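Hi,

Here is the structure I promised to pass on. Have a look at it first, and my notes follow below.

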Amino acid sequence: MKRRRSLTLQIMAMICVLAAGAVLVCWILNSTFLDRYYVMQKKKNMTESFQTISNASAQDLLQSEEFDITFENICANNNMTILVISADGVVIRSSASDMNTLRQDLLNAIWDTERAEVVQDEGDYQIFSQNDPRLDSEYLILVGSLENGEMILMRTSLESMRASAQISNRFLLIVGLITIAISSIVGGLMARRVTRPILQLADISKRMIHLDFDAKYIRGAWKKDPALRLGSRVGRHGTDSDVMDGDEQISGNEIDLLGDHMNRLSGELEHTISELKSANASLKKDIEKKTQIDEMRKEFLSNVSHELKTPLALIQGYAEGLQACINDDEESRDFYCEVIIDEADKMNRMVKKLLTLNQLEFGNEQVQMERFEITELITGLANASGILMEKQGITLDMEDLYEVYVWGDEYKVEEVITNFLSNAIHHCEGENVIRIFYTQTEDLLRVSVFNTGKQIPEEDINHIWDKFYKVDKARTREYGGSGIGLSIVKAIMDSFGQSCGVINRENGVEFWMELSTK
């Protein structure tokens, strides 16, 4: 694993290198050009001093008391020794008390050509550079003639300049080291000021990689709590400046701008991923639904084929028997015809039920919601089934029924109750009792059809509403059931937006449906 290079250390190193480079450049320039610059300034000062004294000589003010202060300032400020000599060799002005010795030294320096070198020649004066081996020093000497014929000699030492340059370089070195140290400290503080929010943004981006969008950038969070570990959890709403809308102008520096944009990016990514997940969930549901429909289609075809196979085989067999005249007597032919008609009728009823169920499931069947009296409807259906119940010795109990109005499609409610009543008749055993009763709440009426007999196995209760599902296949075949009736009941109640169900009682089974009374 590669070690991360610290941006703080890089910034500190860069600032230190810049500071050290600046000090080094100053030191090199000081060592290389300070001497030349100092000599140039000295020559300039000597030239200006010569012009001042020459003007005073021209105005015959050289020996006046008024010029004394000017002369002393020239000598003191420029660290020069000056000697003015008349044409006959008399000293007119001198900056030294021992004028004769000074005159002799200057004259000797002028005529010593081996040690003196002309560095500037302006006609009325010359400037020499001279080395003094005895004192191991270097001087600048100006020799010139004034307008009235007087001679002027000036001398200034260059050693003081070189000593000052050495002191300046040493001082610059000390200041440079202190500057580098201070730069290192200041650079570290500045680098931390810059890198902390950057590290916060880096941590936020890392968490965004793992689809964690709770982290938000907070301006100046590290100022309030320097110990704040970057990536601290911030509420999803953050602060007022966390998320900016549209192209709104954002105050703050570039890092704050980047942080605000990352907050916006985080929000947009979270929203987009949420939409993608929703779309993915919807697509998954659609795929599951399609798979379920395919399975239902396969199961439906298999069940229809199975249900139609037996009556078709019977019809074909008895039809072939009639064609072959197996039995010539009229009674046999009538029996064969009755079987064919009965099986054809069963097929016809099953096909009609399938068409009805198909229309209900796909929403093609229109529901006519109307208010009607349900007890009258139930009574009529019970009377129509009275002969069959009497034949099987079934007792029908409807004593608890009373007049009540409900909302629904009367034709479809009739079909639901017919299915419940038909199931109850065909599965009624034991005490042979069928009881129809109401359970009413403020807005709903529950109509229940109970029959004594065997309970429905718990593993079958959730499947009895499926198409072609039969709990007791032998009994269902016996009375011609197709396993579609309860599927139609469920589809009808779904079209009403109401519920239906089944409950195993201690001595039988109760089927119920609910209808709105308001």
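How many residues does the hairpin use to join β12 to β13? Two residues make that link. Keep in mind that this is a predicted model.

Arg 505 has Gly 508 of β13 as its bridge partner.

There is another hairpin to look at, made by β5 and β6, with five residues between the strands. In its turn, Gly 149 has a positive phi of about 90 degrees. β5 pairs with β6 (residues 151-157) in the antiparallel sense, over seven bridges, and Val 143 sits opposite Leu 153 in β6.

Now for the surface. A nonpolar patch there is formed by Ile 174, Ile 178, Ile 182, Val 186 and Met 190, which together have about 450 Å² of accessible area. Ile 174 belongs to helix α4, which covers residues 159-209.

A negative surface patch also turned up, made of Asp 329, Glu 330, Glu 331, Asp 334 and Glu 338. Of these, Asp 334 is in helix α7 (residues 330-361). Its relative accessibility is 39%, so Asp 334 counts as partly exposed; the cut-offs here are under 20% for buried and over 50% for exposed.

Cheers

Terms used:
Residues numbered from 1 in each chain as written. Predicted model: local features only at pLDDT ≥ 70, side-chain atom pairs only at ≥ 80, totals over all residues. Heavy atoms only, no water. Patch = residues over 30% accessible without salt bridge, like charges linked within 9 Å, V, L, I, M, F, W, Y side chains within 5 Å. Areas by Shrake-Rupley, 256 points an atom, 1.4 Å probe, with all protein chains shown as cover. Salt bridge = Lys/Arg side-chain N within 4 Å of Asp/Glu carboxyl O. Lys, Arg positive; Asp, Glu negative; His and termini not counted. Charge placed at Lys NZ, Arg CZ, Asp CG, Glu CD. Helix = DSSP H or I, 4+ residues; strand = E, 2+ residues; numbered from the N terminus. Buried < 20%, exposed > 50% of the residue type's maximum accessible area, 1.4 Å probe, protein only. Pairing = 2+ DSSP bridges.
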